[in-house]
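Hi,

Here is the structure I promised to send over. Have a look at it first, and then read on for what turned up.

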Amino acid sequence: MTEPHTSQHTTVKQTELELTHDFCVMAWTFTAWCNSHLRKAGTQIENIEEDFRDGLKLMLLLEVISGERLAKPERGKMRVHKISNVNKALDFIASKGVKLVSIGAEEIVDGNAKMTLGMIWTIILRFAIQDISVEETSAKEGLLLWCQRKTAPYKNVNIQNFHISWKDGLGFCALIHRHRPELIDYGKLRKDDPMTNLNTAFDVAEKYLDIPKMLDAEDIVGTARPDEKAIMTYVSSFYHAFSGAQKGSLSFTFRMVHATKCMMGLHYCSQRQCAQVCLQSTSLLEHYIISTLRPDEKAVMTYVSCYYHAFSGKQKAETAANRICKVLAVNQENEQLMEDYEKLASDLLEWIRRTIPWLENRMPENTMQAMQQKLEDFRDYRRLHKPPKVQEKCQLEINFNTLQTKLRLSNRPAFMPSEGKMVSDINNAWGNLEGAEKGYEEWLLNEIRRLERLDHLAEKFRQKAAIHEAWTEGKEDMLQKRDYETASLSEIKALLKKHEAFESDLAAHQDRVEQIAAIAQELNELDYYDSPSVNARCQRICDQWDALGAMTQKRSEALQRTEKLLETIDQLYLEFAKRAAPFNNWMEGAMEDLQDTFIVHTIEEIQGLSTAHEQFKATLPEADKERQAILGIHNEIAKIVQTYHVNMAGTNPYTTINPQEINAKWDKVRQLVPQRDQALIEEHARQQNNERLRRQFANQANVIGPWIQTKMEEIGRISIEMHGTLEDQLTHLRQYEKSIVNYKPKIDQLEGDHQLIQEALIFDNKHTNYTMEHIRVGWEQLLTTIARTINEIENQILTRDAKGITQEQLNEFRASFNHFDRDHSGTLGAEEFKACLISLGYDIANDAQKRTGVMDAEDFKTCLISIGYNLGDNEFSRIMSIVDPNRMGIVTFQAFIDFMSRETADTDTADQVMASFKVLAGDKNYILADELRRELPPDQADYCIARMAPYTGPDSVPGALDYMSFSTALYGESDL
C-alpha cells in the first residue's frame, strides 16, 4: 500500500528557506516603516541592521513617532558612546510601559539582526498598533476587527488573520476602495490575479495615501504563509491614514455633505448629476464661506444637521450590521470546524477500515522476494503512512475539543458528530488497528526466515544437482564408446588410467548423490512449494547413477583386455615425450631470447650481448643432433605400426608435441639467428657513436671545468693580494675580465656537444665528473665574481679619494683584513672583525680611539683582550651596527674600509667651525654682515647671512648675527 509523502530532509530544507525569506521580508518592511517616519526629519536608513548601531537615528525615530524630546545623544564614535545612545532609546521605550525581553544595547550596537528587528517590532506595536481600539478591543484584535468591518461588503474578501487572508491582494484594495473609491475600480479586480491586485494596492497607497511600499507582491504570492508582523505593520499604516481622513480639507467636507443629502433622500440625481452637483456645490460653498467674513449661522447649522442625521443613522446601521456579521462569522467558523471534523473523521475511519484487513492477512507467499516486499510495505506503513494518521487522529481530538469549547463560550449547543464518528468510535477503531498490527511484523520475519531456509536448501539442491548433471553429461556416451578397438597401446594405457581416474571420481561423487537425496527429503518435510519438480529431478539423478555404475564395470574389463597389445609402442611414445619436451622448451626459450628487445647504454653492454649470442650459436650443432635423435624415435614407431598393421589413429598420449612442430620451431630459430646478428651489429655501431660523443664532451669539459676553478682562485688571490696602486689593480682586473669573456666560444661549443648527447639519449658519462649544469653554474659564478671584484676596487678608489686615505693606509687595512680572513671568503665574522680592530690598535672598551705610542693601563687592557680576555660588548655592538647594519654576522672588506676611513679621516666639527667664526668676528659672541662679506666669498657670505638667526645676547648690537646656532645646525645638532 502506498500513499504520497514528503521526506524529512526536503521538509527541513524548505523550512530553512522559508525562515530566511520571511526574515528578509520583515527586514524590508520594517525599513520602509522606519523611513516613512524618518523622512519627516529629513533622513532615512538603508540597512536596518547597521544604521541603528550608533543609536542616533534610533533616538530620532522615537522623537518623530512620539512627538517628545529624548535626552541629548552622545556624538562620539566609540563603542561606549553608541551603547549610551541605544540605552537612552531603550529607556525611553521602557518608560512607555513596554517590557523589553532579552534586548540589550550591546546586541543592537553589534548589529544583531534578530534583536534589531525585535526592537523595531516592539516600537511598532507600541506606537502604531497598541492605540488601535475598536469596540473595547485593542492592538492586534482591534486592528483585525477594523479590517473585517471595512471589508465586509466586498465579495471574495474574508479577513481572518494577518497572513494568508491578504495573499490575493483584494483585502488591501477593499480598504482603499472603502475610503477612497475614486482611486480603484474594484469591479475589475480578479481573485485569480493576486500580483495585479497587490501591485495596484501598493502603488495607489504610495502615490495617493502617502503610505510607503513596505511589502513586495512577489514575496507575498510566493510564500505559503506571509510574515504576520510585516502585514500588521503595513495594515496599521492604512488604519492611521484612514482614521485621520476625517480631518480633511473643506472641499472634502462639502462633498461629504452633498453625499449625505443623497443618502438621506434630500435630493435625487443620477451619478453624473450627483458628481456635477457636488462640484458645483463645493465651488459655491467654498466661495461663499471663504469670501464671507461671518458665514450665515442657520445655513451652517442646516448642513451640520444633515451630517448628524446621516452619520447617526449610518452608525446605527453599521453597528447592527457589525453585530450580525460577528455572530454569523462565529457561526460560520463553527460550521466549518464541524465540517472539517466530519471529513477528517470519515477519512481516518476509511483508512483504518482499508488497513485492518491488510494487516490481518496471514497468507504466506511462496517466494522470498514477495515476502520481503510485504515486509517493506509494512515498514513503509510504519514509517510513512501511519505517522501522518497519528497526527490526524491527534488533530481530530484537538479540533473536537476546540470546537466544543467555542460552542460553549458562544452559548451554542454542544456538537454531536454523525453516528460512528465520535472520538470514542475513532479510538475503538484505532485500537482494532493496533491489535491487527500486533504480531504482524513477527509473523513476517518468521515467514521470511522459513522461506530463506527453503530458498537456501532449494538453491543448494539446484547447485548440487546442476554440478552433478554437468559432471555426468557425456559420461554415458564415453563409457559406451568402443574407441579402444582402434587405439594404440599408449592410448589404451591412457584410456585405462583415465578410466581408473573416472572410477575414483565416480566413487567420490557417491557422497554428492546422497546429499542431493537428503536435501530433497528435507524439502519435502518442510513443505516446499516446488517439491514435485525436486523429487522428479532427484529420481532422474539416482537412475542415471545406477546406469553409470554398470557401464563403468563393463568398460573397465574391455580396456584391460586391450592393454597388453601395444606396450612396445607406448614405451617409444614415452621416450619421445621425455626428449621432445625439454628440446621444445629450449627452442621456445631460444626464440624468445632472439626476439627479445634489448636496451643498452654502453658499449660494454652491447659487447656482452654479442658474446652471449656467439656462445648460443656454438650450441646449434649439438641441438640439431638432439632433434635428429627425437625424429628417429618417431620414425621407429611408424615402422612398427606398418609392420604389425596397428591402427594408430590417435596421437602421442604423453605430449602434444609432434615432429612437424619441432621442425617448424627449428626452422624459426635458424631464421632468427641472422636477424639477431644484424640487430647487434647496428646497436654496436650506435653505442660506438655514443661513446665518441661522450669522449668528445668529456675532453672539453675536463679542460673548461678546471680552467674555471683556476680562474676563480686567481680572482680570489687578486682580491686579497696588494700589488701596486688601486688603479693598477683595476686595470689588471679589467684585462683579466676581457680574457675571461674571450673564452665564451669554448663554452658555446661545449653546449653544442651537450645538445648532441641529449639528442642521442645519453644519460651518463664515465669519462668526466663535469656536467653541463656544473659548467654553466661555474661560468656564471666566474663572471659574477670578476664583476664584483672590479666593483670593490672602484668603491675603494671612491672611498680613498673621498676620505683622503693614503695608499699605505689602504694597504695596512687590506693586510689586516686578509690576515683574519682565514677562510679567504672575503668577509670577516664578528670575532674575526673584533680581533682585526684590536690588531689595528682600536680600543673597543672605550668610546674614543687612542694612539699615543705607549702602553698605559687602558692599552694594557686592550692587549689582554686581544689574547682572549673579555672585551667591551657595548662599544663592539655599536661598531657592528655600523659595519653590519643588516645583522648578517659578517663584515665585508668595503664595510671595513668605510668604517676605518671614517675613524681615521680628519673631519670638521661644530666646535671647530664656531672657533673659526669667532676669529672672523674678532673674538665676539656675534658677527656682523660686513665682517662676513669682508672675509668670505660673496656667495658664501650671502648664504651665511640668509641663514644666520639674529643674535639676542646681552651684548647684542644692531645687525648682530648668531654664528653659534648656525654652526651647530650645520652638523645636525640644532635646526637652521
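When I say that residues meet or touch, I mean that they have heavy atoms within 4.5 Å of each other. Please keep in mind that this is a predicted model.

Let's start with a pair of helices. Trp146, Cys147, Arg149, Lys150 and Thr151 of α6 meet Gly171, Ala174, Leu175, Arg178 and His179 of α7. Sorted by class, that contact has four nonpolar, three polar and three charged residues. Helix α6 covers residues 139-151 and helix α7 covers residues 170-179; the two pack with their axes 9 Å apart, at an angle of about 70°. Angles of 65 to 115 degrees count as roughly perpendicular, so α6 is roughly perpendicular to α7. The crossing of α6 and α7 is left-handed.

Next, Asn85, which sits in helix α3 (residues 79-95). Is Asn85 buried or exposed? Its relative accessibility is 1%, so Asn85 counts as buried. A polar atom of the Asn85 side chain lies 2.6 Å from the backbone nitrogen of Glu74. Leaving aside neighbours within four places in sequence, Asn85 is in contact with Glu74 and Pro73, and also with Asp54, Gly55, Leu56 and Met59.

Last one: Lys386, in helix α14 (residues 368-409). Lys386 has 10% relative accessibility, and because buried means under 20%, this lysine counts as buried too. What does Lys386 touch, not counting residues up to four places away in sequence? The list is Trp351, Tyr381, Trp430, Glu434 and Glu437.

Cheers

Definitions and conventions. Residues are numbered from 1 along each chain as its sequence is written. This is a predicted model: local features need pLDDT of at least 70, side-chain atom pairs count only at pLDDT 80 or more; totals for chains, interfaces and linings use all residues. Side-chain values use heavy atoms; hydrogens and water are left out. Helices (H or I, at least four residues) and strands (E, at least two) are DSSP runs, numbered from the N terminus. Buried means under 20% relative accessible area, exposed over 50%, partly exposed in between (1.4 Å probe, protein chains only). A polar contact is a pair of N or O atoms within 3.5 Å; within protein, one must be able to donate a hydrogen and the other to accept it, and residues adjacent in sequence count only if both atoms are side-chain atoms. Axes are lines fitted to C-alpha atoms, for helices over the stretch in contact, and angles run from 0 to 180 degrees between N-to-C directions. Angles under 35 degrees count as roughly parallel, over 145 as roughly antiparallel, 65 to 115 as roughly perpendicular and the rest as oblique. A crossing is left-handed if the near helix is turned anticlockwise from the far one by less than a right angle, and right-handed if clockwise. Ala, Val, Leu, Ile, Met, Phe, Trp, Tyr, Cys and Pro count as nonpolar, Asp, Glu, Lys and Arg as charged, and the others, Gly among them, as polar.
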